[in-house]
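Subject: Structure handover

Hello,

Here is the structure I promised to pass on. Please open it first, then read the notes below.

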2 protein chains.
Amino acid sequence: MPLDLSEYARVARDLGVDAVALVPGPNFTRAVKHLFMSNERPFLIAVPAHGEPAALVPNLELRSWDLVEFEGAVFDWRDQDGHDAAFATLTAHLGIASLAVEGQIMRVFVHHALKKAQPNLQIIDAEAAISGLRMIKTGDDIAALRAAIEISERALERTLASVRLGQSEKEIEQVLIQALFAEGAEDQAFHPIVAAGDGSARPHAKARADYRVRAGDALLLDFGARKHGFCADITRTVFLDHATDEARDVYDTVLRANRKGHEVTRAGITAHQIDDAVTGVLEASPYADRIRTKTGHGLGRDVHEAPYIMRGNHQVLPAGTVYTNEPGLYQIGNFGVRIEDDILVTEDGCTSLTRFPTGLQVLKC
Amino acid sequence: MPLDLSEYARVARDLGVDAVALVPGPNFTRAVKHLFMSNERPFLIAVPAHGEPAALVPNLELRSWDLVEFEGAVFDWRDQDGHDAAFATLTAHLGIASLAVEGQIMRVFVHHALKKAQPNLQIIDAEAAISGLRMIKTGDDIAALRAAIEISERALERTLASVRLGQSEKEIEQVLIQALFAEGAEDQAFHPIVAAGDGSARPHAKARADYRVRAGDALLLDFGARKHGFCADITRTVFLDHATDEARDVYDTVLRANRKGHEVTRAGITAHQIDDAVTGVLEASPYADRIRTKTGHGLGRDVHEAPYIMRGNHQVLPAGTVYTNEPGLYQIGNFGVRIEDDILVTEDGCTSLTRFPTGLQVLKC
């Protein structure tokens with residue numbers, strides 16, 4: 001079956017631009033149904049508002065490109081010759097005045113190569129419109145997300161069972177990563193965060209080789225498997241050996257915020273309304289000064305994608321949207337708590353694709 | 001010790017531009033000595049040719065940024081407010097007319113945010129000069145590369161010992177990935193290529209779940225661990241059960257090309273000269289029509305970096321350069337062979353950091 005790129009042509013028409021460009025990344029993979037890597041070799045598909053698409057393909061990818069049933073002109077180039085001539089031929093062939101690109105994915109050297117080939121080409125960042133096509137998940141997408149999440153939850157269970165006082169964050173991280181692959185991950189969705197004690201108070205902490213976990217520590221794990229091209233993104237925070245009264249109260253506050261997100265979500269709600277409800281719970285608590293992040297982000301082929309769940313984003317969430325509900329409270333130098341679920345928006349509410357229990361867990365380890 | 005960014009100031013002066021910008025990626029990690037992720041939030045350091053650097057930091061990264069002993073102005077921004085005001089303040093503070101950027105790393109949305117804040121700002125792609133600072137490896141860099149390579153070689157040994165006829169490429173890939181982490185990888189350097197039979201003839205093949213390896217197949221494994229931020233990149237091609245005379249002759253040709261690369265390499269040689277010598281061996285063989293790739297690329301924090309080892313690149317390789325020597329021959333529909341070593345250029349020759357034997361291996365499996 002020849003490749004159907006008509007959705008992208010429609011985006012070009014909707015935006016009033018002459019063509020949409022895709023470069024290797026989640027939209028490209030979705031469009032061509034094969035994985036191509038983003039590297040130092042420019043690789044681009046241009047889908048005009050009207051007419052046939054064209055592609056600029058590194059010569060050494062041509063045999064893999066054969067697997068893509070692409071109907072349109074293909075301009076290849078060899079490392080030895082450079083890519084300038086291929087860009088010149090491509091732009092001459094297209095004869096366009098404006099091009100919508102994925103601003104979060106396309107790199108500056110491709111932008112410059114396009115402008116060098118056609119200095120008057122108007123390049124528009126249409127990240128939201130292009131990647132927006134991925135917002136409503138299909139049945140296959142949701143099955144892939146569920147598979148990624150189930151692998152991640154089994155890996156978390158294994159990892160928590162193996163935690164011992166005195167292990168370094170780095171050692172626990174290694175156990176988690178190995179468990180992800182042992183459970184069937186095809187890749188990691190992102191480099192995991194495994195952070196204990198004061199490290200848990202940094203939203204994007206990196207595992208330390210020189211910090212050994214202690215009784216009373218919060219241990220925050222934020223991680224996910226990739227399966228069939230889709231990402232899981234889960235956070236759980238547990239306490240080691242015991243939890244102080246303050247820890248329990250902070251945990252309970254974050255959990256109430258997380259549950260509020262589940263409660264308010266249904267098709268038609270805006271990203272703003274979800275964040276307002278979730279963050280409102282945190283703000284009403286004695287820990288309002290520990291808020292550092294928005295509620296979450298869309299999840300799919302990319303671990304961070306639209307919609308961004310934050311105040312000021314009045315984008316409506318249709319049924320089929322999947323987002324992360326991940327409120328947290330972080331006190332610098334002390335500890336942090338985050339509880340993150342992956343939520344599927346449905347017509348009459350929502351389903352948490354994450355099933356791992358969210359109740360307070362104190363590990364006797 | 002405060003962060004020393006003077007090398008980047010010197011690049012700005014050498015290029016005759018007012019400042020150099022770094023965004024999360026290998027140069028950024030090298031510069032600030034901490035790992036920050038590239039995501040939807042712009043994050044940027046500007047190092048002027050003269051004077052103090054400045055940084056634009058997402059608010060939720062500030063607590064991690066504290067670990068970087070950065071001396072200079074910091075402009076942070078919150079998701080809810082967007083980043084436009086921070087870019088405007090940054091550019092006003094810098095007061096520059098031109099900015100050199102990493103064209104292979106910076107994405108178009110950051111380019112556009114800079115141009116929106118200061119429409120007359122001249123943005124120059126200085127990828128070669130900025131990333132070029134990473135070309136000569138330090139002792140620590142080489143130790144990290146050796147660690148990554150040793151992990152990779154142990155993982156390869158484990159994987160080859162477990163290969164059985166009838167396994168799918170995907171199953172073998174999973175064994176390889178698990179072995180990498182079991183041997184101590186902190187990440188994969190890139191998604192591995194595990195390709196058998198006709199798949200081995202595609203230089204960038206992806207492992208198939210529906211192809212089961214057969215007696216007589218070539219099995220090509222191209223993979224690497226990441227350790228201490230540095231990448232291994234190794235390829236070995238073995239034959240399963242038996243190798244035909246043609247397979248043996250092709251293998252021998254590729255091995256002679258690979259050895260030629262080792263023989264000719266010493267400080268002062270150009271990338272062109274290495275590729276010419278290596279590819280020359282392939283061209284002189286009966287299999288010249290199976291050549292699809294250049295000889296290789298630099299290796300370090302990035303799995304593909306300067307210098308690119310190809311004809312036409314007259315860049316001189318100084319001692320301390322590390323590159324991949326990876327000739328290959330690929331016959332579509334039949335099979336491919338690639339043998340890839342990671343080579344350290346020295347004053348009087350070179351050292352292969354890869355020690356895994358390169359002789360023809362026929363697995364009895």
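In which hand of crossing does α4(B) pass α5(B)? The crossing is right-handed. Bear in mind that this is a predicted model.

**Two helix pairs in chain B**

Start with that first pair. Helix α4 of chain B covers residues 84-94, and helix α5 of chain B covers residues 108-117. They pack at an angle of about 65 degrees. Their axes are 9 Å apart. On the α4(B) side, the contact uses Asp84(B), Phe87(B), Ala88(B) and Thr91(B). These meet Val110(B), Ala113(B), Leu114(B), Lys116(B) and Ala117(B) in α5(B).

Now go to helix α9 (residues 245-264) and helix α10 (residues 271-283) of chain B. Their axes come within 8 Å and cross at roughly 155 degrees. Angles over 145 degrees count as roughly antiparallel, and α9(B) and α10(B) are therefore roughly antiparallel to each other. Here, too, there is a right-handed crossing, with α9(B) passing α10(B). From α9(B), the contact residues include Thr253(B), Val254(B), Ala257(B) and Val264(B). From α10(B), they are Ile274(B), Ala277(B), Val278(B), Val281(B) and Leu282(B).

**An enclosed strand in chain B**

Look next at strand β2 (residues 44-48) of chain B. Five of its five residues are buried, so β2(B) is largely enclosed by the rest of the structure. In a regular strand the side chains alternate between the two faces of the sheet. Both faces of β2(B) are covered. Leu44(B), Ala46(B) and Pro48(B) are buried on one side. Ile45(B) and Val47(B) are buried on the other.

β2(B) has a pairing with strand β1 (residues 19-22) of chain B, antiparallel and over four bridges. There, Leu22(B) stands opposite Ile45(B). β2(B) also pairs with strand β3 (residues 54-58) of chain B, in the antiparallel sense and over three bridges. In that pairing, Leu44(B) has Leu56(B) as its bridge partner. β2(B) and β3(B) form a hairpin with five residues between the strands. In this hairpin, Gly51(B) takes a positive phi near 105 degrees.

**Aromatic rings**

How many aromatic pairs does the structure hold over all chains? There are 19. One of them joins Phe239(B) and Phe335(B). Their ring centres are 6.2 Å apart and their planes stand at 75 degrees. Planes over 60 degrees apart count as edge-to-face, so this pair is edge-to-face.

Why does this pair tie together separate parts of chain B? Phe239(B) lies in strand β12 (residues 234-240). Phe335(B) lies in the loop between β16 (328-330) and β17 (336-338). The pair therefore links parts that are 96 residues apart in sequence. Phe239(B) counts as buried, at 1% relative accessibility. Phe335(B) is buried too, with a relative accessible area of 7%.

Chain A has a ring cluster to look at. Ring pairs link Phe28(A), Phe36(A), Phe43(A), Trp65(A) and Phe70(A).

**Two open sheets in chain A**

One open sheet has four strands, in the order β8-β9-β12-β20 (chain A). Its pairing is mixed. The edge strands are β8 (193-196) and β20 (362-363) of chain A, each pairing on one side only. β8(A) runs antiparallel to strand β9 (residues 218-223) of chain A, and four bridges join them. Ile193(A) has Asp222(A) in β9(A) as its bridge partner.

Another open sheet has three strands, in the order β7-β10-β11 (chain A). The pairing is antiparallel. β7 (187-188) and β11 (230-231) of chain A stand at the edges. Each has a single partner strand, so one side of each is left without a neighbour in the sheet. Two bridges join β7(A) to strand β10 (residues 225-227) of chain A. Asp187(A) stands opposite Arg226(A) in β10(A).

**One glycine in chain A**

Last, find Gly349(A) in strand β19 (residues 349-352) of chain A. Is Gly349(A) buried or exposed? Gly349(A) has a relative accessible area of 10%. Under 20% counts as buried, so Gly349(A) is buried. Leaving aside neighbours within four places in sequence, Gly349(A) is in contact with Thr265(A), Arg266(A), Ala267(A) and Leu344(A). The C-alpha atoms of Gly349(A) and Phe190(A) are separated by 29 Å. Those two residues are 159 residues apart along the chain.

Best wishes

Methods:
Residues numbered from 1 in each chain as written. Chains lettered and ligands numbered in written order. Predicted model: local features only at pLDDT ≥ 70, side-chain atom pairs only at ≥ 80, totals over all residues. Heavy atoms only, no water. Phe/Tyr/Trp six-rings, centres within 6.5 Å; stacked < 30°, edge-to-face > 60°. Buried < 20%, exposed > 50% of the residue type's maximum accessible area, 1.4 Å probe, protein only. Pairing = 2+ DSSP bridges. Axes fitted to C-alpha atoms, helices over the stretch in contact; angles between N-to-C directions. Parallel < 35°, antiparallel > 145°, perpendicular 65-115°, else oblique. Left-handed = near helix turned anticlockwise from the far one by under 90°. Contact = heavy atoms within 4.5 Å.
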